[in-house]
Amino acid sequence: MQKEPTTLSFDALVIGGGIAGGEAALNLASNGYKVIIIEKRLSLGGKMIMLSKVFPTLDCSACITTPKVSEISRHPNITIFTESDLTSVEKRGEHDFVAKVTRRPRYVVAEDCTACQLCEEACPVIVKDQFQYNLVGRKAAYIPFSIASPKVAAIDIENCTLCGACEKVCPPGCIDFTQEPRDYVITAKTAIVATGFKLYDPSNVPRYNYGEAKNVITSMQMERLLAPTRPFHTILRSSDGKVPDKIAYVLCAGSRDDSLGNPICSQICCMYSIKQAQLLMGALPMADITIYYIDIRAYGKGYEEFYEQAAGMGVRFVKGKIGRISEKENGNLTLRYEDLASGKLKEADHDLVVLSVGVKPNSEPAGLFTTHKLELDSLQFVKQSDPLLSPAKTTIEGVFVAGTATGPKDIPDSILSAGSASTEAICYLNQ
Amino acid sequence: MSTEKIMTVKILRDRRKVSDEVKENLKQFNKDKKSILTELGLGERTIAQLSTGTGIPRDKTMFLVMSLVKFGFVSVGSVDDNDEYFTYKLKKNEQN
């Protein structure tokens, strides 16, 4: 039983181990600063590590993320706390931050685990795999996903039957059910907030029928279906195993709609939908793919060409606003939409509908800072105190922000923003 | 060594009670798994055929079959003439 929290000291505290947090940490560490990354989940890599490919180059996302994450994990100046909750950050003065962190037990001695997966094989329990967006099962003793970092097993204690099968078969004997949460007090001279974004939950919009109609899925579920580490052996409907051949994308699902609490453009949905459409045309050459859009926003380098390439491949673009998605008896779906070109209400049948869900703010970091106020903007993203000249500065001197914590961004912009945050942090450390 | 390994789960068993829901889920999964594997023992089946044969709803059958594929109990068979539905078979049949 831990009596007193363990105290550790670092130059920089990075909150969030996604691609932006990881990049910021790596920049600081490469400049000789000691960094700690606090990550809530079991693995680094954030949302990017779950993607199939990236736009507009169609490079394999895992092939880019894995070496980066591995570099972060192996860097001698970086300490990583996964499965950890940051409960508070206090600023006692300039270059003097104190954070309280609780590491949840993994019930596996990480240093001894060889990721042999024998515990997973032995575990009799199957629950929904959150890393595959509930499309397939996972065990209660499990490696989060094949490219997880650290690649270490964990026990989902909430779903564990305590049968002990994993412990019996573990060759190095690293399963340890006596592990308990451990508290830490971390002092740091600067902090970077890289807490990312949340995906819009389309079940808030009854007319999309998400959660009711089995063949209405989110774009993140489609990412998993397209990924090399996919939950199924090919692209299939999760309702009945049918190979879909008439797929619709509904853009701006939860974006650009004040009535849904998200008035802004999520910036990434047009391009990731076009990317997925191209990948689908490769995987299912006979499939018809239609993208229902309000406007196509292809603003980045090579994005317009990427859109034109999709249209050239045969992806159908329909300028239309979706009113309602209804399910037919055979699981197919009828989309009722306003055709913006003709101004008429129309209906179209599809056998799979993908909702291109938008970016929602993660307002959690605001509640972490106790002595000073980390302000949020009117949309609940982290407020940039000087968005034009110092976009990484927050309302707390010495606390910087990286990635999508300030608003929607694509991957290159998130990484650029992480570069900016780490540079600002280094300047602050040298003051 | 072995006794020492068993001990940690025993310690937690004394401190923590497994919920009835977790126990029930495991029981149900084992029942469903047995039904699916028994049905597949009769030959290759599509998800729809398995659902009809076992009485398990189609979407749940799909979830279970994909999980059984993932954990090595079931393998993918062939696709029908319309390239719409795959069949699934017992993995041990493939090896025989």
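Reply: A:Pro150 sits in a loop of chain A, between strand E11 (141-142) and strand E12 (154-155). Strands here are DSSP runs of E with at least two residues, helices are runs of H or I with at least four, and both are numbered from the N terminus. The bond from A:Ser149 into A:Pro150 is a cis peptide, with omega about 5°.

This is a predicted model, in which local features need pLDDT of at least 70, side-chain atom pairs count only at pLDDT 80 or more, and totals for chains, interfaces and linings use all residues. Residues are numbered from 1 along each chain as its sequence is written, while chains are lettered from A and ligands numbered from 1 in the order in which they are written.

A cis bond also links A:Phe55 to A:Pro56, and its omega is near -5°. That proline belongs to the loop between strand E4 (53-54) and strand E5 (59-60) of chain A.

Next, the phi angles. A:Glu83 is not a glycine, yet its phi is positive, about 50°. Its loop runs between strand E6 (78-81) and E7 of chain A. A:Glu83 is partly exposed, with 19 other C-beta atoms within 10 Å. On this scale, a residue is buried with 20 or more other C-beta atoms within 10 Å of its own, exposed with 12 or fewer, and partly exposed in between; C-beta atoms are placed from the backbone.

A:Tyr107 has a positive phi too, near 65°, and is likewise no glycine. Look for A:Tyr107 in the loop between strand E8 (96-103) and helix H3 (118-122) of chain A. A:Tyr107 is buried, with 25 other C-beta atoms within 10 Å.

Now the sheet. Four strands of chain A form an open sheet in the order E1-E13-E8-E7, with mixed pairing. From one strand to the next the twist averages 20°. Pairing requires at least two DSSP bridges between two strands. E1(A) and strand E13 (residues 182-188) of chain A have four bridges and run parallel. In that pair, A:Thr7 faces A:Val185 of E13(A).

On to chain B. The axes of helix H3 (residues 47-54) and helix H4 (residues 58-70) of chain B come within 9 Å and cross at roughly 110°. H3(B) is therefore roughly perpendicular to H4(B). Angles of 65 to 115 degrees count as roughly perpendicular, under 35 as roughly parallel, over 145 as roughly antiparallel, and the rest as oblique. Axes are lines fitted to C-alpha atoms over the stretch in contact, with angles from 0 to 180 degrees between N-to-C directions.

B:Ile47, B:Ala48, B:Leu50, B:Ser51 and B:Thr54 of H3(B) meet B:Arg58, B:Thr61, B:Met62 and B:Val65 of H4(B). By class, the residues of this contact are five nonpolar, three polar and one charged. Nonpolar means Ala, Val, Leu, Ile, Met, Phe, Trp, Tyr, Cys and Pro; charged means Asp, Glu, Lys and Arg; the others, Gly among them, are polar.

Finally, the interface. 29 residues of chain B are in contact with 26 residues of chain A. Contact means C-beta atoms, placed from the backbone, within 7 Å. Helix H1 (2-15), helix H2 (20-40), H3 and H4 of chain B each give two or more residues to the side that touches chain A. H4(B) gives the largest share of that side, eight residues. The side of chain B that touches chain A has 18 nonpolar, three polar and eight charged residues.

Terms used
Contact = placed C-beta atoms within 7 Å.
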